[in-house]
Amino acid sequence: MFHKKTKIFLDSANPAETAQAIEMLGGLDGQTTNPSLVVKNLNQSSKISEEEMLGFYKTNVQKISKLIPNGSVSIEVYADQRTSAKEIYEQAISMNEWIDNAHIKFPTIPAALEAAAKFIKQGGRANFTLVFNQKQALAIHNLVISVGATKGQVFISPFVGRLDDIGLKGVDLLANVQKMYQQLQSPVEILGASIRNLNHLQYCFDIGLDIVTLPLSIIKEWHQSQNITYSPQNLTPIGFENLDYTQKWQDIDISHELTTKGLLKFAQDWKSLLE
Ligand code: G3P
């Protein structure tokens, strides 16, 4: 094995892939889903109602949960720039009832943070997604501290590959958030997402990241490879920022162009099949 402490999640909304990943790795610590993955898994071209779409999502999440009853299964709320905190909160409550081992995924936008604060305060488990910089990670930590949470109750998902896509060294964000969270003694666990290759995976192992979520294609490559080592790539490093940790989470600017773009893509994919 190449890792000692990093938990392995599968990034897929398809329970058949869960079974394959378990077979290859001998187990899984969890699974993450998102609206684009749900639509991909639905694999159909005719339009359906939102109720049918949610029903499909629920059925598959329940199948996944049965395969990994002791793991965590992330279910993502629908949100676009107009969705209110109340609407997001209501979705979180409803999705959380689908299974016993859910982490509800909230995009890192103001309305979703407001909804998540209420949800976490009541004991809900959350996974903040579409994270692209350290300021967003600080806001999430400060939010969690303000409402109280135990270790493992909240995850944060920095997106590595999408930073690479714009020429930045995405894995640096993982190391920077990890360093900041160590300084803050944060209860929030870091989940490396948008993992595109074995190089990314090895980096997560090398720094002892809490969790990494992998598409089945990467699990297959990993399974077949004898050895993997991290080799630096020609990307612009992301420096560690010395932020003012005492700021209130509501006062931290969490806007990021890739968060906006990612939110739009999830919303477009979700709506692409709706009547
Ligand atoms: O875990 C998030 C992931 O599904 C996004 O990956 O490759 O679309 O950036 P990607």
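1. The second largest cavity is lined by Asp164, Lys169, Gly170, Val171, His200, Tyr230, Gln233 and Leu235. A cavity here is a set of points, on a 1 Å grid over the protein atoms alone, where a 1.4 Å probe fits but cannot get out; lining residues have an atom within 4 Å of a point. The volume of this cavity is about 30 Å³, a volume being the space filled by probe spheres set on the points, with grid points joined across faces, edges and corners. Its lining divides into three nonpolar, three polar and two charged residues. Ala, Val, Leu, Ile, Met, Phe, Trp, Tyr, Cys and Pro count as nonpolar, Asp, Glu, Lys and Arg as charged, and the others, Gly among them, as polar.

2. This is a predicted model, in which local features need pLDDT of at least 70 and side-chain atom pairs count only at pLDDT 80 or more, while totals for chains, interfaces and linings use all residues. Residues are numbered from 1 along each chain as its sequence is written, and side-chain values use heavy atoms, without hydrogens or water.

3. The structure has two cavities of 30 Å³ or more. Helices (H or I, at least four residues) and strands (E, at least two) are DSSP runs, numbered from the N terminus.

4. A salt bridge is a side-chain nitrogen of Lys or Arg within 4 Å of a carboxyl oxygen of Asp or Glu. Glutamate 76 is buried at 3% relative accessibility, and lysine 105 is buried at 4%. Buried means under 20% relative accessible area, exposed over 50%, and partly exposed in between (1.4 Å probe, protein chains only).

5. The structure holds eight salt bridges. One of them joins lysine 5 to aspartate 210, the closest N and O atoms being 3.9 Å apart. The two residues are 205 residues apart in the chain. Lysine 5 is exposed at 52%, whereas aspartate 210 is buried at 17%.

6. Tryptophan 98 sits in the loop between helix H4 (85-96) and strand E4 (102-107). This tryptophan 98 is buried, with a relative accessible area of 10%. Beyond neighbours within four places in sequence, tryptophan 98 contacts Leu54, Tyr57, Lys58, Val61, Gln62 and Ile75, contact meaning heavy atoms within 4.5 Å.

Key. On a 1 Å grid over the protein atoms alone, a cavity is a set of points where a 1.4 Å probe fits but cannot get out, and a pocket is an open set with protein on both sides within 12 Å along at least five of seven lines; lining residues have an atom within 4 Å of a point.
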